[in-house]
There are 2 protein chains.
Amino acid sequence: MSTPQQMRPPRPTMRDVAALARVGIKTVSRVLNSEPNVSRETAARVHLAAAQLNYEINSVAGNLRRSGQATKTVGLVVGHVANPFSGQVHAGVEDVLYPHGYSVLAASLDDDPEREQRLVREFLRRRVDGLILTTISHEQTYLLPELSRGLPIVFVDREPGGIAADAVVGDNVGGARGATAHLIAHGHRRIACLADRETLTTATHRVAGYRAALEEAGIEYDPSLVTMNLASADATCAAVAALLGSANPPTAVFTAQNLITIGGIRALRAAGLQHKVALMSFDDLVLADALDPGISCVTQDPRSMGALAGEKLLARLAGDDSAPSTTISPTTLIARGSGEIAAPR
Amino acid sequence: MSTPQQMRPPRPTMRDVAALARVGIKTVSRVLNSEPNVSRETAARVHLAAAQLNYEINSVAGNLRRSGQATKTVGLVVGHVANPFSGQVHAGVEDVLYPHGYSVLAASLDDDPEREQRLVREFLRRRVDGLILTTISHEQTYLLPELSRGLPIVFVDREPGGIAADAVVGDNVGGARGATAHLIAHGHRRIACLADRETLTTATHRVAGYRAALEEAGIEYDPSLVTMNLASADATCAAVAALLGSANPPTAVFTAQNLITIGGIRALRAAGLQHKVALMSFDDLVLADALDPGISCVTQDPRSMGALAGEKLLARLAGDDSAPSTTISPTTLIARGSGEIAAPR
DNA sequence: TTGAAAGCGGTACCAC
DNA sequence: GTGGTACCGCTTTCAA
């Protein structure tokens, strides 16, 4: 079998259209790009020829010569395309960039730090005009050459390490503090905190918010109530089960991420304690209101975070060269029942 | 303010690397593409120069001249990137295509039929090597020229209309029949069916499966129990509430899509009937097992559907020119409680 | 082993 | 209004 491409009829080029319309190639270019100074009849002939050949302009070739080799493409790296949070970020980015003619090359880390650099490298080879990144590795100094070259890079959800760059993140400290304070307001003093990997600023900031709330209430910090590096719902379920079975169990639980919340819910239900032990989640879940009790949470707006990141990128693309800034997207507390269970006395 | 691009230091080209390494440009190309017939010392000089300049090869320019102008890019259109189902499909596609060097341009329809053609057109302009599409418009004859040109196109989740092309879909008829038969086996004879827009084959096939199960059991079809064109959870909630309040209400409900299921759950709970009226869902939901009762469902595997679509595309890309085929991905029935509520007698 | 020249499919610039 | 020609950054071809 020979090369498959050779068996296919070749795609028409501008030259083919020009020949059929009996005009110069430059005139075809003018017509198809809606440039001025073409007579109506000539334009009509060109459009007819293009339609007959089913010609579609080749923007890849065009962009090669065009202004500064812009490709009108941006690269988006998210934690995992299958995670609803990532999907919302993607949607927000799309909302903002598509109307401006940008396409989005999307890829996911799959929770694999190795992939981060590989994906970015692939995007650079494709000469994307900008990058929107959710990172997983600890630092991003490998991006320094690109940054100094002026490539717009915006981080979303997680702040970059080792470099100064734009970022859009949720109010991790404030949200966690609010959630914890909410539990304290309902009389709890022994509050467990379950969080993600400590290489992620999202996780460390949420734990920091938790501690801040304790401190403000004058409650002593008990490290045995805090478990970090939880990477799955199952691991969380086991961790919570262990806490509940301990000598001095918590009366409330703060789960600092959506998968972790699922594990926490499972553990409480397995122990039959879902109406006894309070639960506050960081991030919302579908059907969280249909559970009994409903799951109280502080929630971010990932779609708006994606949109904010897209807007920041557009601004940079348009020449904004102000100092890098971090935008903090607010969180909202939603009370549904699980967070309002009072502490026993 | 002048054009921002002009203020940025220009990105180095192969010529810059060649000059610094004092070799010809073709030698740089050979080294960076790991082609044979280059001396070790020359290769070392080139690598050093490339590293000094932070040079990254421009695959866009390269692909312009390279074999058949392949761009190593595929376009993916999904229903909505923010929908977990779409995210899973995306993940499956990525799993298969990335190891083969393809990048994925992803875009979502946002439930807007208008967007479908615009997005496809944009992908064609970018000369993607293939297309994986979840469609929303009723027919896709506009793709005929591309199909006859040999562009690989694989439909996923929903079958194409008016054209013969590869497709990967769930077992909509079989899954719906199984779900309905499950309810019948628990004594139900008045089973409501709530489904999506009738322009979608997924919706019509699921209703067909529902009817097939009734027929097999010798139950007469009652059109008043079937509501189609439900586009949201809220609309479904209202529709179910109306059915429950009618003179001869259903004893069981089959919700034929995940958003519709959410509406159904809300309606049953609002009426306090979640333990009286049985519910079977098409597609699973996060936390469906944590509800009381747990939500029984037939579930597809969207990630595997995405992967199957990716594999079909790879085969076409490799020259497979067999007749278009439709792959049916099986469904699994998961019993959790809501589907096993017996009919009153 | 190496490199000069042509060309991929368009756009920029400048004559006509 | 129209079109020729150089050229974007790379690969291909072919000669040295």
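Is A:Arg303 buried, partly exposed or exposed? In this predicted model, A:Arg303 is partly exposed, its relative accessible area being 27%. I shall return to this residue after describing how the two chains meet.

Let me begin with the interface. On the side of chain B, 70 residues are in contact with 70 residues of chain A. The area buried between the two chains is about 6100 Å², and carbon and sulfur atoms contribute 52% of it. Within chain B, the residues that lose the most area to chain A are B:Arg11, B:Arg127 and B:Arg149, which together account for 13% of what that side buries.

Which polar links cross this interface? The rule finds 32 residue pairs in polar contact between chain B and chain A, with both residues at pLDDT 80 or more. Several elements of chain B give two or more residues to the side that touches chain A, including helix 5 (59-65), strand 2 (103-108), helix 7 (113-125) and helix 12 (258-270). The largest share, seven residues, comes from helix 6 of chain B. Sorted by class, that side of chain B has 33 nonpolar, 17 polar and 20 charged residues.

I turn now to salt bridges. Side chains of opposite charge can pair when their charged atoms come close. The rule finds 10 salt bridges across the interface of chain B and chain A. One of these pairs is B:Arg125 with A:Glu56, whose closest N and O atoms are 3.3 Å apart.

A further example is the salt bridge of B:Glu146 with A:Arg11, where the closest N and O atoms are 3.0 Å apart. Why does this pair join two chains? B:Glu146 belongs to helix 8 of chain B, whereas A:Arg11 sits in the loop between helix 1 (4-7) and helix 2 (14-21) of chain A, so the link runs from one chain to the other. B:Glu146 is buried, at 5% relative accessibility, while A:Arg11 is partly exposed, with a relative accessible area of 26%.

Over all chains, the structure holds 35 salt bridges. Here we come back to A:Arg303, whose side chain meets that of A:Asp95 in a salt bridge, at 2.8 Å from N to O. A:Arg303 lies in helix 13 (residues 302-317) of chain A and A:Asp95 in helix 6 (residues 84-97) of chain A, so this pair ties together parts that are 208 residues apart in sequence. A:Asp95 is also partly exposed, at 33% relative accessibility.

In chain B, the side chains of B:Lys312 and B:Asp320 form a salt bridge at 4.0 Å, N to O. B:Lys312 is buried, with a relative accessible area of 17%, and B:Asp320 is partly exposed at 28% relative accessibility. In chain A, a network of salt bridges links A:Asp166, A:Lys312, A:Arg316 and A:Asp320.

My last topic is the cysteines. A disulfide is a covalent bond between the sulfur atoms of two cysteines. How many disulfides does the structure hold over all chains? There are zero. A:Cys193 is in no disulfide, and the nearest cysteine sulfur, that of A:Cys297, is 16 Å away. A:Cys193 is buried, with a relative accessible area of 0%.

A:Cys237 is partly exposed, with a relative accessible area of 23%.

Terms used
Residues numbered from 1 in each chain as written. Chains lettered and ligands numbered in written order. Heavy atoms only, no water. Contact = heavy atoms within 4.5 Å. Buried area = accessible area lost by both parts, 1.4 Å probe. Polar contact = N/O pair within 3.5 Å; in protein donor to acceptor, adjacent residues only side chain to side chain. Helix = DSSP H or I, 4+ residues; strand = E, 2+ residues; numbered from the N terminus. Nonpolar A, V, L, I, M, F, W, Y, C, P; charged D, E, K, R; others polar. Disulfide = S-S within 2.5 Å. Buried < 20%, exposed > 50% of the residue type's maximum accessible area, 1.4 Å probe, protein only.
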